[in-house]
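Have the model open as you read, and take the points in any order.

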Amino acid sequence: MDAEAAAAAAAGSPEPSTPSSLLEPTPETEYEGRIANLESGPGQSTTEHFSWRQLADLWAKQGELAARFGAASAVCMGDHVALGTERGAVAVVDYLGRTKAALAPPAAHAGAVTALAFSADQRALAVGHAGGFVAVWDWAAGAAAAVTRPGAGGHAAPVTSVAFVGASRHRYVSASAGGAVLSHHIVRRLLTTVATARLDADGILFEAAGAQPGAGDGLGLVAAVTATALSVWSTRPGVAQQYRAAHHGRQQSHAGQRQRAFGRRPYAGSVAWQPAGGGGGGGLPALAYSWGPNVVVVRLHQDGDGAGAGGGARIRFERDAPWVASEDVVLCRWIERGVVLYMTRSQQLFAYEPALRQETLVSAAPPGPIGGRPWVTLATGAEAEPSYAQAVCVHRRRAFALCGAGAGAGAAYVGRLLTWAERLAILEEQGRRIDAIALATGLCQARTGQVVAGLPGPGAGAAGHARRQALVAPRLEELMRRQLAEPPASDAEARALALACVQACLALGRPQLLFGDVFERFAAEPARLRAFLAAVEPFILSGEIARLPPQALNAMVDSYGAAPALVPRLGDVLTNLRLRPGEFDVDRVLAICRRHCLWRTFARVWLGMGDPVAPIAAMVSAAATATTEDAAPSDEAPGVVVFEYLDMVVRGRSYPDDQPVQPQSRAEKYSTLVTEL
């Protein structure tokens, strides 16, 4: 038996009579249903934004798989799971741990598996080895479609990245930490050959990636991030470098509060292409890359007919300003079309939305430490962060992580961003319904300042806003009704609930709900009523609430008018409201204004009642009395207010906001009456 045959025997074979995979390549809706069943198992670790679930059935087979194939050294999770091992073999299993294929190393000296990638249709599997070998497998058939050996034209160091380019199963890219990036094309004529081209990458290489399937397939886009630059190439019809962005040694954060400086050597880097359907102009994908603590998004635009110099593609690159993390970023992946998931060196996970330039800490730590591989240090001797590209994968909006002290121990987890509805449900389960109301209000307005899954983004326009309201509004109203049915446990809780309800009703555009059911619930007890009125007050002063219905207005007059300390605030409120005859106790309000010298409010109330003349005589009389008694002048002194009032009304303006009186005929009438007086 030769060396390769011996290695094949060591790898074993698929389990006989294994039932069909739980996760055969399927439409996304069916995949969602099947993976959701797995996520309902034990090992839950849920934060406000992110949910981790242990893949218990899969990892229960880990010991058996390790005995058959060797300890896991790399993992790739797609519709199936590919586990590369220290022996150089690969086991393809389903998410219940049932073996679907056993792939032997391409040679006895191929070394451990160091990189794995499924093709877009999940039918081909690219495998990189520590000995420099790169193989592409039709894994279901157990047949190697192509093998690139180390040496001339191949890799001289461990292969740290493999990726298919676009939708193709025949075009792929491989890279090694020493800086070699190779573009491969399987050519099938009379014989199957592999055409390999070396891409001109400079410096220590962190990661290389091929573009996701989409409109850019005809360009064969490949990106690599090294210690010195990000580079992008097109590999179709020929190889051409399209873009290079050198790293800078100093970056300042978005808020100007955080500044990081580095020497000549960065400590980490990563690159990922955006999934299909959400890129730059002409349908081209965007890419995200990290270098040190910087996360950068580059958008691609194809101009004109796409013909550039020498017949190549003409692509324009638009680079966003870097987003600066609190520490070095060791991995970045797109988890949604508009959301980059990145992991820092302390293994904190952040979701970053480039369009809004905002980040959310979604997981302070994974369920267990994720084991990285020190490929850069081993290949170059340079001090660098471990590579996590073969321990963390993203597939169909889910992150998969191999957790444990090393890549070969621990457990496998699947994680995802929680949807907006799940986040509300968790808050309610925790007894934090007021917080849930506040969150739902922000979701209605797209103003949470956090990453949100399952809703149209702020850039979705009027249609997106209507869709967001239709989804969230019923849930928000339900949360309010449930909370209002329970008596507040304290005055502080009553104030918090009142404020949350006011903000919610304004976000919904439902003042009738605010001054109907909500007001009635708070009006049942004096303490709760005061909390409601205090919550409404700032929105009146800001102009967001311009009118109060009679029951609310009279309640405010009664409550504020009975407390001398609150009377000046009552004056401010009445001054900012649009008052209508018959909606409140006019005589009482005017008496309060006289007694407490609220002359601006006094004049405003009369003018709001449609009588511009009545306040003039009262203020003149009060001013004469104040002069006789040598009262000290002030902004509220009747002599000051009456002249302000006369000036504005004669000019056809309302008092005291100096806005035009509408309609014009009313302004002219008021001006004439006051002028004649």
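What does the accessible surface of the chain come to, and what percentage belongs to carbon and sulfur atoms?

1. About 28000 Å², with 51% belonging to carbon and sulfur atoms; accessible areas come from the Shrake-Rupley method with a 1.4 Å probe, and for residues only the protein chains shown count as cover. This is a predicted model, where local features need pLDDT of at least 70 and side-chain atom pairs count only at pLDDT 80 or more, while totals for chains, interfaces and linings use all residues. Residues are numbered from 1 along each chain as its sequence is written, and side-chain values use heavy atoms, leaving out hydrogens and water.

2. Of the 677 residues in the chain, 52% are buried (under 20% relative accessible area, 1.4 Å probe, protein chains only). The chain has 18 helices and 32 strands (DSSP runs: H or I of at least four residues for helices, E of at least two for strands, numbered from the N terminus).

3. The largest nonpolar core has 80 residues, and V518, F532 and L548 have the most contacts inside it. Such a core is a set of buried Ala, Val, Leu, Ile, Met, Phe, Trp, Tyr and Cys residues joined through side-chain atoms within 4.5 Å. Helix α9 (residues 491-508) gives the most to this core, with 9 residues. Apart from it lies another core of 44 residues, including F69 and L341.

4. Look at L548 too: leaving aside residues up to four places away in sequence, L548 touches F515, V536, I540, L553, M556, L577 and E583 (contact means heavy atoms within 4.5 Å).

Notes:
Buried means under 20% relative accessible area, exposed over 50%, partly exposed in between (1.4 Å probe, protein chains only).
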